[in-house]
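I opened the notebook to look up a few things in this model.

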Amino acid sequence: MIELHRICSAEDSRVAELEKLYEEAFPEAERRDISQWKEMIVSCPRMHLNAVEEGGQLAGLLVYWDFGDFYYVEHLAVYARMRNRKIGQQVLAYIGENLSGVCLLEVEPPLTDLSVRRINYYRRNGYEVLDKTYMQPSYRPSGEELPLWIMGNDAGIEKEKLQKYIDTIKQNVYFNVQPRN
């Protein structure tokens with residue numbers, strides 16, 4: 001059984017290990033600068049950085065944003081040594097049970113075997129592709145937008161409402177947070 005522990009300080013003893021996982025699990029174009037990431041732990045109350053633990057052992061990380069009427073999962077990663085224990089599945093189940101409302105996340109389009117497996121994984125866990133035209137803003141000032149897909153746990157969401165949610169994500173997660181170099 002997993003436990004999620006919200007990290008509220010960059011001084012938390014788990015941050016250094018989670019930082020390594022964050023950098024290993026996500027390419028530079030899909031993650032923030034570490035100094036900004038650490039600063040946001042305190043300065044962005046909507047952002048929830050969670051240590052995922054199994055049996056008292058650090059197993060992964062979950063970063064999600066609480067926008068009141070919906071949630072956005074920014075990053076979910078499990079340590080390689082902890083894979084094949086259904087930890088990611090348990091995290092998604094936790095989200096479904098404890099975060100009421102729509103939950104959105106971004107995935108890479110199905111251009112590689114890994115991206116196809118990831119999309120199918122989320123489908124098996126109750127998420128559906130909602131938008132194939134989404135462009136993720138860059139985390140870096142000189143970076144380019146990335147073509148990603150939006151998946152969510154409510155396949156019946158109206159297009160207008162989905163667009164409102166996407167605009168909220170872009171405004172709060174990407175545009176109003178100034179990247180540092």
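**Charges**

I counted 22 positive and 28 negative side chains in the protein chain, and the centres of the two sets lie 3 Å apart. Lys and Arg count as positive, Asp and Glu as negative; His and the chain ends are left out. I placed each charge at NZ of Lys, CZ of Arg, CG of Asp or CD of Glu.

**Ground rules**

I noted that this is a predicted model, where local features need pLDDT of at least 70, side-chain atom pairs count only at pLDDT 80 or more, and totals for chains, interfaces and linings use all residues. Residues are numbered from 1 along each chain as its sequence is written, and side-chain values use heavy atoms, without hydrogens and water.

**Fold**

I found 5 helices and 9 strands in the protein chain. Helices (H or I, at least four residues) and strands (E, at least two) are DSSP runs, numbered from the N terminus. Along the sequence I read β-α-α-β-β-β-α-β-α-β-β-β-β-α.

**Burial**

I looked up burial: 48% of the 181 residues count as buried. Buried means under 20% relative accessible area, exposed over 50%, and partly exposed in between (1.4 Å probe, protein chains only).

**Cysteines**

How many disulfides does the structure hold? I found 0; a disulfide is a pair of cysteine sulfur atoms within 2.5 Å. For Cys44, the nearest cysteine sulfur is that of Cys8, 13 Å away. Cys44 counts as buried, at 13% relative accessibility. The sulfur of Cys103 is 18 Å from the closest cysteine sulfur, in Cys44, too far for a bond. Cys103 is also buried, with a relative accessible area of 0%.
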